Amino acid sequence: MIIRINELVEKNKEEARRNALSELKQLEAQFNPHFLFNTLEMLKYMIKTDEKSASKIIVSMANLLRYSINKNFNKVKLNDDIKYIEDYLIIQKFRFDDNFEYKINLNEEVGECSIPKLIIQPIIENSIKYGFETKQYLKINIECRVEKDNLVISIVDTGEGMSYEKLSEILKCINKSENDTNHIGLYNVQKRINLMYGMEYGINIYSKLYEGTEIVINLPVHKSEE
């Protein structure tokens, strides 16, 4: 009986592991198509008016797609993910021109840390989507640092910000077991981190109405083996 119980326990563990891996794959695959449509629409006009800039956008877009569809890894060096983020931000800079600025701050040591692929981009995308709803100018600062045993990635925007009630609603939504809202990007990031590292890690959101928003990603410090 003891042997049989142990076999059932191990079987349940393996089934839970497979379910978690399957869910991770599904969450990783949810790339926002609106970004692609907007970029292609921009290219349609830019190819006729500014071939040099259009060429740069095409190269950045190719880098993004190559990176996002690579199924050989789900953890990457922070440095590598930041290169992807820079390609994404270059396209957004062309799109919004002088109305958009960004800054990325990380040192070499932090850049060698291992993180889940594609957890920063959805947050930046969120900042841009809601930041330009009521403002004509938006700035995003990305800072990566180590605090004690945590890798901390902070994304701060100068957008509209949120009321206390709205912030509470979003925090409640992203911590549900299933997502039934339109906060897909934030929910996916939170769920992936929880599945990979445990419930003690994830994202925190700080925001005040008319003063912008800061989203902080907390991860364990893992050095890349590559």
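The protein chain has eight helices and seven strands, counted as DSSP runs numbered from the N terminus (H or I of at least four residues for helices, E of at least two for strands). This is a predicted model, so local features need pLDDT of at least 70 and side-chain atom pairs count only at pLDDT 80 or more, while totals for chains, interfaces and linings use all residues. Residues are numbered from 1 along each chain as its sequence is written, and side-chain values use heavy atoms, with hydrogens and water left out.

**The chain overall**

- Of the 226 residues in the protein chain, 41% count as buried; buried means under 20% relative accessible area, exposed means over 50%, and partly exposed is in between (1.4 Å probe, protein chains only).
- Take the contacts in the protein chain with a separation of 6 or more: 69% of them are between residues 24 or more positions apart. A contact here means heavy atoms within 4.5 Å.

**The nonpolar core**

- The largest nonpolar core has 51 residues, and those with the most contacts inside it are Ile120, Ile124, Ile153 and Ile217. Such a core is a set of buried Ala, Val, Leu, Ile, Met, Phe, Trp, Tyr and Cys residues joined through side-chain atoms within 4.5 Å.
- Helix α4 (residues 78–96) supplies the largest share of this core, with eight residues.
- In soluble globular proteins, nonpolar side chains tend to be buried together.
- Setting aside neighbours within four places in sequence, Ile120 is in contact with Leu78, Asp81, Ile82, Ile85, Ile115, Ile153, Ile155 and Ile217.
- Ile85 lies in helix α4 and is buried, with a relative accessible area of 0%.
- Not counting residues up to four places away in sequence, Ile85 touches Ile104, Ile120, Gln121, Ile124 and Ile142.
- Ile85 and Ile120 sit 35 residues apart in sequence, with 7.6 Å between their C-alpha atoms.

**A buried serine**

- Ser60 is in helix α3 (residues 51–69), and its relative accessibility is 4%, so Ser60 counts as buried.
- Beyond its neighbours within four places in sequence, Ser60 is in contact with Asp87, Ile90 and Ile91.

**Helix packing around α8**

- The axes of α6 (residues 121–131) and α8 (residues 184–197) come within 9 Å and cross at roughly 155°. Axes are lines fitted to C-alpha atoms, for helices over the stretch in contact, and angles run from 0 to 180 degrees between N-to-C directions.
- That makes α6 and α8 roughly antiparallel to each other; the label covers angles over 145 degrees, with under 35 roughly parallel, 65 to 115 roughly perpendicular and the rest oblique.
- On the α6 side, Pro122, Ile123 and Asn126 meet Gly185, Leu186 and Val189 of α8.
- Helix α7 (residues 164–174) packs on α8 at an angle of about 50°, with the axes 9 Å apart, which means α7 is oblique to α8.
- Ile170, Cys173 and Ile174 of α7 make this contact with Leu186, Tyr187 and Gln190 of α8.

**Positive phi in two loops**

- Most residues other than glycine have a negative phi.
- Asp97, in the loop between α4 and β2 (100–105), has a positive phi near 55° and counts as partly exposed at 47% relative accessibility.
- Tyr210 also isn't a glycine and has a positive phi, of about 70°.
- Tyr210 is found in the loop between β6 (202–208) and β7 (212–220), and at 58% relative accessibility Tyr210 counts as exposed.
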